[in-house]
Amino acid sequence: MFDDKIFVTEKFFRLRICRRVILEKLIVKGGNRLVGAVKTSGAKNAVLPIIAASILGTTPSHLDEVPMLEDVHTISEVLKCLGLAVECSPEKNVLDIDSTEITSYEAPYELVRTMRASFLVMGPLLARIGKARISMPGGCAIGARPIDIHLKGFEALGVKIEQGHGYIEASAPEGLKGTSIYFDFPSVGATENIMMAASLAEGTTILENAAEEPEIVDLANYLNKMGAKIRGAGTDTIRIEGVEKLHGADYTIIPDRIEAGTYMIAAAMTGGDIVVENVLPEHQKPLIAKLREAGAVVEEDIDKVRVIGKNPLKAVSIKTLPYPGFPTDMQAQMMAMMVIAEGRSKVTETVFENRFMHVVELNRMGAQISTEGRSAVIDGPCKLTGCDVRATDLRAGAAMILAGLVAEGTTRIGDLHHIDRGYENIVAKLKNLGADIERVDVD
Ligand SMILES: CC(=O)N[C@H]1[C@@H](OP(=O)(O)OP(=O)(O)OC[C@H]2O[C@@H](n3ccc(=O)[nH]c3=O)[C@H](O)[C@@H]2O)O[C@H](CO)[C@@H](O)[C@@H]1O
Ligand SMILES: C=C(OP(=O)(O)O)C(=O)O
């Protein structure tokens, strides 16, 4: 049995060393049935905006259940660049942020380019000190990912935006003024950025066609604990009454529904029996429905979910949508499952325009997937065989691990920095469930 806490600490510091980057691979030997219990970590997509929101408080914040991930390290570095003190206790999954003083308003290219969520410091900086200079986040493997919806929202609050030399300079010399904003698309990041800015704006802001993801609700709960007045988070209309000042707060991050979902799929694919602990089942509804449709048994409890895999699985089709639709962040993992299911499935990706990089890699392992535009058709069941593959993005990496767990022979997965962005302790967690998986230096 692993001592998880020690492992977390070791891994977190090892990641720092590995920034040099020694070439590492995950070596997965397929065929084991996964059985046992696994605890979900705090949600990456909740903790990142919450860390950014800490900029708004004039006194320190204390965060619990913080997953020790590359992305958490990156956003912490952004805050340090701004002059905040950030102290991390990896063995306790705790982050302490002292936002009493802010000495800079610039988020540099080196950090923003590695993680788009760095752009979430724009709203808090504008609200707290009235200006921000942030490197323009580029696209990434899954799409162009523009920030026009964020910028339109800021402009509506009275922000002046200038772009040049790869940076966005924003200022609000006369302060932020509350208003009504209708988002063209329920963008998660734009909803978060504008909600944070509007918390300290003069007057009331109403966001319509806002994103409804659980991570938005978690951010709103944190902001309210800091003294904000936000109502309606989790619906498409959010009402924010601006206040004069926010203070720091103690807060516990919600469980990561995507990490939990990945282990649920691992149970279904390996014909296993896994209890995924620290889960909010209401956040997993779209996945649970599809797992049941595929023939897996899913038992829901208050804060855990048990998944029992049945062979063979049946083909099911999915269409990704904003919450409460099927999450795009589970699409690659679901596709890996469909490869071994009986029949033809269709996956339609409506959120990102280019989120099928894993198809080529799955096909290298023996899958039969064809794509046309935003749809992929999967003909199963296919016998997967281990080979060298790449984690082309975070969830594609998770899909490779899942495929490796059921493939014949050995799968060697490269480009692990993507997986490190979003899965805390994944090797130890899978080993505890009976997987044959190792992380090795190959150079
Ligand atoms: C750190 C974090 O929480 N990341 C999540 C967040 O990303 P993120 O906040 O970037 O996702 P958005 O909801 O903003 O993006 C969804 C779609 O809207 C487009 N768009 C977005 C903003 C904008 O100004 N203009 C525009 O066109 C994007 O290119 C994309 O096609 O939500 C995504 C959708 O659930 C998830 O996949 C990501 O894991
Ligand atoms: C796409 C993702 O994250 P990000 O928005 O941080 O790239 C993800 O978590 O799958």
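In this predicted model, the protein chain falls into two domains: domain 1 is built from residues 23-41 together with 256-442, while domain 2 spans 44-252. Their C-alpha centres are 30 Å apart.

The interface between these domains brings 24 residues of domain 1 into contact with 21 residues of domain 2. About 1,800 Å² is buried between domain 1 and domain 2, and carbon and sulfur atoms contribute 53% of this area. On the side of domain 1, the residues that lose the most area to domain 2 are Tyr 323, Arg 421 and Glu 424, which together account for 31% of what that side buries.

Polar and charged interactions also cross this interface. There are 12 residue pairs in polar contact between domain 1 and domain 2, and the side of domain 1 that touches domain 2 comprises 7 nonpolar, 6 polar and 11 charged residues. Elsewhere in the list of ionic pairs, the side chains of Glu 65 and Lys 39 form a salt bridge with an N to O distance of 3.3 Å.

The ligand site can be considered next. Ligand 1 is surrounded by 17 residues, the closest being Asp 148, Ile 149, Ser 187, Asp 329 and Val 351. The side chain of Asp 148 places an N or O atom 2.7 Å from a nitrogen atom of ligand 1. An oxygen atom of ligand 1 lies 2.6 Å from a polar side-chain atom of Ser 187, and a backbone N or O atom of Val 188 is 2.8 Å from an oxygen atom of ligand 1. Of the 740 Å² that ligand 1 exposes when taken alone, the protein buries 85%.

Key
Residues are numbered from 1 along each chain as its sequence is written. Chains are lettered from A and ligands numbered from 1 in the order in which they are written. This is a predicted model: local features need pLDDT of at least 70, side-chain atom pairs count only at pLDDT 80 or more; totals for chains, interfaces and linings use all residues. Side-chain values use heavy atoms; hydrogens and water are left out. Domain bounds come from an automatic or database domain assignment. Contact means heavy atoms within 4.5 Å. Buried area is the accessible area (1.4 Å probe) that two parts lose on being put together, summed over both. A salt bridge is a side-chain nitrogen of Lys or Arg within 4 Å of a carboxyl oxygen of Asp or Glu. A polar contact is a pair of N or O atoms within 3.5 Å; within protein, one must be able to donate a hydrogen and the other to accept it, and residues adjacent in sequence count only if both atoms are side-chain atoms. Ala, Val, Leu, Ile, Met, Phe, Trp, Tyr, Cys and Pro count as nonpolar, Asp, Glu, Lys and Arg as charged, and the others, Gly among them, as polar. A residue is near a molecule or strand if one of its heavy atoms lies within 4 Å of it. Accessible areas come from the Shrake-Rupley method with a 1.4 Å probe; for residues, only the protein chains shown count as cover.
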